[in-house]
Amino acid sequence: MPHFRDVKRTLTQQRTEYPIKMQHAYPSVNIGWGAHTMVGNDAKALGINNALIVTTGLRGTGIVEAIQGVLKHAGVASEVFDKATPNPKDHEVMEGAKALASGKFDGMITLGGGSSHDCGKAIKLVYSHDGQDVRTFEGAFKATKKNKIPHLAINTTSGTGSEVSCFSIINHTEKMYKMALFDPNCTPSKSVNDPLIHQCMTQELVAYTGMDALTHAVEAIASRLCVQSAYGPGLWAITEIFQNLRQSAANRNNDRAVEQMVWAEMAAAYSFNSAGLGIVHSMAHAMGGLYDAPHGLCNAIALVDVCRYNLPACPERFKMMAKAADIDVAGLSDYKAGEKFIDAIQELKDELFITQRFADLGLQEKDLDGLSKFAAADICSEGNPKDVGFHEMRAVFKGCM
């Protein structure tokens with residue numbers, strides 16, 4: 001048996017990128033039709049008797065009222081903080097943390113899609129650190145104190161995966177960019193995914209959030225971190241998205257398609273939670289910060305262009321994804337198979353009627369330099385399989401106009 005000293009010497013002579021991986025935990029999740037009827041019991045099990053519900057409002061859906069009714073029936077009191085907005089802002093987080101610190105609440109419930117969960121996660125960090133400015137948590141592993149309260153995340157959209165991830169994305173309103181907060185303390189205590197609630201999404205939202213989930217899977221599998229445990233759930237998510245997203249968007253009464261998209265968005269989140277993401281998300285963070293553009297739509301716009309940019313760096317993994325999407329790649333090289341997969345993404349976008357480009361969301365030539373500089377420095381760019389600097393990022397942004 002070789003001596004460790006000799007093995008160690010051999011390792012130091014090699015140049016390995018990200019040789020040590022981190023497998024991040026995700027919460028227990030209740031999934032299935034009617035799961036929302038159990039949230040009173042879920043809250044009680046977490047020790048929650050009086051909850052602050054953080055939400056964007058979900059006006060007109062009746063979901064907030066339904067959840068409050070279930071909680072009340074179980075003996076759980078609740079009040080609603082509905083000042084979170086799409087692309088949640090730093091000042092909204094600070095206001096929510098003040099509400100949580102009023103002394104009335106022994107737990108938090110986030111209700112909605114990624115915006116509600118991201119806002120709630122950041123509120124939890126600020127509250128647990130006695131009102132510390134949310135901007136100080138930008139980056140990785142910035143929490144220094146344990147969470148003070150339990151957090152139940154009730155998810156309503158099939159896209160972001162925020163209900164099971166350790167990421168929170170918050171708009172820095174002064175500098176107009178999106179901050180990525182990456183910390184295990186962001187992860188909810190427990191999550192709920194009920195397809196019945198997801199079924200309330202509009203066709204447009206289904207399309208955007210579905211492309212968001214697809215982006216999570218694609219970027220996690222292509223990631224230069226090469227977290228191999230991410231490949232299984234990510235590839236399965238790609239299969240389900242290509243089989244069900246069209247039907248889910250076209251017919252909200254297609255119960256199977258709706259349910260499979262719930263499973264797919266979660267699987268994609270399990271994939272990126274440890275494997276990281278890439279510059280599609282870096283660009284979306286830049287667009288969301290400056291123009292308050294919808295995150296899922298930004299991902300949908302950038303995904304094809306970024307995939308073509310990244311293909312030379314990992315064609316073998318693009319071939320894996322092509323097979324997962326049930327594309328016939330027999331006899332094709334890895335690169336050619338990857339091209340077919342990227343073409344299939346474009347076809348999916350077309351069939352979902354997603355035709356916008358970044359110019360439609362407000363991107364102007366004068367903003368390219370600033371956006372490109374920010375995106376190149378975004379934490380998600382570290383996972384991109386192909387090296388990217390300011391000039392490369394600007395070229396990709398320009399192509400997406």
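**Notebook: a serine, a helix and a sheet**

I looked up Ser-248 and found it buried, with a relative accessible area of 2%. The cut-off for buried is under 20%, so Ser-248 counts as buried. I note that this is a predicted model.

Next I asked where Ser-248 lies. I found Ser-248 in helix α8. I then listed its contacts, leaving out residues up to four places away in sequence. Ser-248 touches Val-206, Ala-257, Val-258 and Met-261.

I moved on to helix α12, residues 315-324. I wanted to know how many of its 10 residues are buried. The count is seven, and I wrote the helix down as mostly covered. The buried residues in α12 are Pro-315, Arg-317, Phe-318, Lys-319, Met-321, Ala-322 and Ala-324. I checked what they pack against: α7 (203-222), α8 (231-250), α11 (295-310) and α13 (334-351). Helix α8, one of these partners, also holds Ser-248. Just after α12, I found Asp-326 with a positive phi of about 65°.

Last, I turned to a sheet. I traced three strands in the order β5-β8-β7; the sheet is open and its pairing is mixed. Which strands sit at the edges? They are β5 (139-140) and β7 (167-172), and each pairs on one side only. Helix α5, residues 114-128, packs on this sheet and touches β7 and β8. I read the angle between the directions of α5 and β7 as about 90°.

I then followed β5 to strand β8, residues 177-182. The two run parallel and pair over two bridges. Ala-140 has Phe-182 in β8 as its bridge partner.

Technical notes:
Residues are numbered from 1 along each chain as its sequence is written. This is a predicted model: local features need pLDDT of at least 70, side-chain atom pairs count only at pLDDT 80 or more; totals for chains, interfaces and linings use all residues. Side-chain values use heavy atoms; hydrogens and water are left out. Two strands pair if DSSP finds at least two bridges between them. Helices (H or I, at least four residues) and strands (E, at least two) are DSSP runs, numbered from the N terminus. Contact means heavy atoms within 4.5 Å. Axes are lines fitted to C-alpha atoms, for helices over the stretch in contact, and angles run from 0 to 180 degrees between N-to-C directions. Buried means under 20% relative accessible area, exposed over 50%, partly exposed in between (1.4 Å probe, protein chains only).
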